[in-house]
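I opened this entry to keep track of what I looked up. My notes follow the order in which I checked things.

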Amino acid sequence: MNEKKYEIVAKEPLYEGYFRADRWMVRHTTFRGGWSDVHPLEIFDRGHATSVLPWDPDTDEVVLVEQFRAAAIPTAKSPWLLEAIAGAMKPGEKPEDVARREAMEEAGLTLTTLRHVTSFLPSCGAVTEELHVYVAPVDAGTAGGVHGLQDEHEDMKVHVLPFAEVLAMVEDGRIVAGNTVVAVYWLALHREEMRALWSRKP
Amino acid sequence: MKPRRFRIEAREAIWRGHFRADRITIRHETFTGGESAPLVLEVFDLGEAACVLPWDPASDRVVLVEQFRGAVAAFSETPWLLETIADDLGPGETPEAVARREAMEEAGLTLDALIPAGRILPCPGAVATRVHAFVAPCNLADAGGVHGLAEEGEDILVRVLDLDEALAMVDDGRIQASHATIPLLWLARHRNGVVSGSV
């Protein structure tokens, strides 16, 4: 196959606010041969994010946070979603640092070990975001309550749920957030391996 | 008590094009009681989409499509992604109809059964979009080639991969699109059930 090449011919801002969107004029080499026409793409930039699913290897419980998500209003039965812990990455931050900070802010949890699951692109047709997904062992007995930064208007309720129930909620559509679905399915496939690695029992 | 109520106090259109973006001012009930302060949020609306992962139970192979994705050029040297067959839902279209149409357009495949593999909000922090995922058992013996509507600028390479290879590619980052990652993980969990008819 020929070498793949692309070119961003022009960039024009569409709006700049908390997030930003641009129109890019791009062309690229094609599988059929030669170059594509120059075509417009609307690109939404909200930065990158990190997510972590805390899991207790001894009680087989998962820690999730419930929060209001305005972007879920058009499609979800209720815009309060149950999700893994997650947060936006500031420039220069490492995903592991964001996972630790958000676990403390959103659930009062101190994380030690982190296992990287995958890094996925939530909406690659139009959004530049890359989302790093981790699973972390915790003592779920230390989790609970209402958390979140008041000055960021975060209002989060911590739920500690049996893994089997969380998996059932993914499969019947009560859990819909992509970061959470990915981490739960991954853990369903790797639970025994992770338990052997992380159990606190002698 | 579980909070249930919210009200949108203001909505301002900040972009109307192929996609749309709004700045909304919203209040909601809180877990600690009472109502939140007004939140000003930017919500980007891509509408709804459907995706389908064709899977051959006899060979345990799947079809993914490779195409150029400009949004990824922001941080990737090679913005060609491996994804499931997918498209936006047009007005009045069902997810099943879109899955079937795109399987023909993007891979030349005629699908039989469509097994629901999740309805996902890939990015609920800021993007109002939902993706309806399906797995479609089918015969992939003849799958391959370059597809897509040339007049729409589509340039799509069909890739037929062992499911285990595709799962390894999710693990090591060669597959990153959420609408590929999620149906692949779903199928890893359910492939035996699909064969036995329990899913």
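**Chain A, overall**

I read chain A along its sequence and got the pattern β-β-β-β-β-β-β-α-β-β-β-β-α-α. That gives three helices and eleven strands for chain A. I note that this is a predicted model. I then took the spans of the C-alpha trace of chain A along its principal axes and found about 60 × 45 × 35 Å.

Next I looked up the domains. Chain A is divided into domain 1, residues 6–45, and domain 2, residues 49–198. I checked how far the C-alpha centres of these two domains of chain A lie from each other, and the value is 32 Å.

**The sheet of β1, β2 and β3 in chain A**

I asked myself in what order the three strands of this open sheet in chain A run. The order is β1-β2-β3, and the pairing is antiparallel. The edge strands are β1 (6–16) and β3 (39–45) of chain A, as each pairs on one side only.

I went on to count bridges for strand β2 (residues 20–28) of chain A. Seven bridges join β2(A) to β3(A), and the two run antiparallel. I picked out one pair of residues here: Ala21(A) stands opposite Phe44(A), which is in β3(A).

**Helices α2 and α3 in chain A**

I turned to helix α2 (residues 163–171) and helix α3 (residues 178–198) of chain A. They pack at an angle of about 125°, and their axes are 10 Å apart. The angle therefore makes α2(A) oblique to α3(A). The crossing in which α2(A) passes α3(A) is left-handed.

Which residues make the contact between α2(A) and α3(A)? On α2(A) I found Val166(A), Leu167(A) and Val170(A). On α3(A) they are Val181(A), Val184(A), Tyr185(A) and Ala188(A). I sorted the contact of α2(A) with α3(A) by class: seven residues are nonpolar, with no polar and no charged ones.

**Chain B, overall**

I repeated the reading for chain B. From the N terminus on, the elements of chain B run β-β-β-β-β-β-α-β-β-β-β-α-α. In total chain B has three helices and ten strands. The C-alpha trace of chain B spans about 60 × 40 × 35 Å along its principal axes.

**Helices α2 and α3 in chain B**

In chain B I looked up the helix pair too. α2(B) and α3(B) pack at an angle of about 130°, with axes 10 Å apart. They are therefore oblique to each other. α2(B) passes α3(B) in a left-handed crossing.

By class, the contact of α2(B) with α3(B) has seven nonpolar residues, one polar and one charged.

**Where the chains meet**

Last, I checked the contact between the chains. How many residues of chain B are in contact with chain A? I get 66 residues of chain B, against 63 of chain A. Several elements of chain B each supply at least two residues to its side of this contact, including β1 (6–16), β3 (39–56), β8 (127–137) and α3 (178–196). By class, the side of chain B that touches chain A has 40 nonpolar, 16 polar and ten charged residues.

Notes:
Residues are numbered from 1 along each chain as its sequence is written. Chains are lettered from A and ligands numbered from 1 in the order in which they are written. This is a predicted model: local features need pLDDT of at least 70, side-chain atom pairs count only at pLDDT 80 or more; totals for chains, interfaces and linings use all residues. Axes are lines fitted to C-alpha atoms, for helices over the stretch in contact, and angles run from 0 to 180 degrees between N-to-C directions. Helices (H or I, at least four residues) and strands (E, at least two) are DSSP runs, numbered from the N terminus. Angles under 35 degrees count as roughly parallel, over 145 as roughly antiparallel, 65 to 115 as roughly perpendicular and the rest as oblique. A crossing is left-handed if the near helix is turned anticlockwise from the far one by less than a right angle, and right-handed if clockwise. Two residues are in contact if their C-beta atoms, placed from the backbone, lie within 7 Å. Ala, Val, Leu, Ile, Met, Phe, Trp, Tyr, Cys and Pro count as nonpolar, Asp, Glu, Lys and Arg as charged, and the others, Gly among them, as polar. Two strands pair if DSSP finds at least two bridges between them. Domain bounds come from an automatic or database domain assignment.
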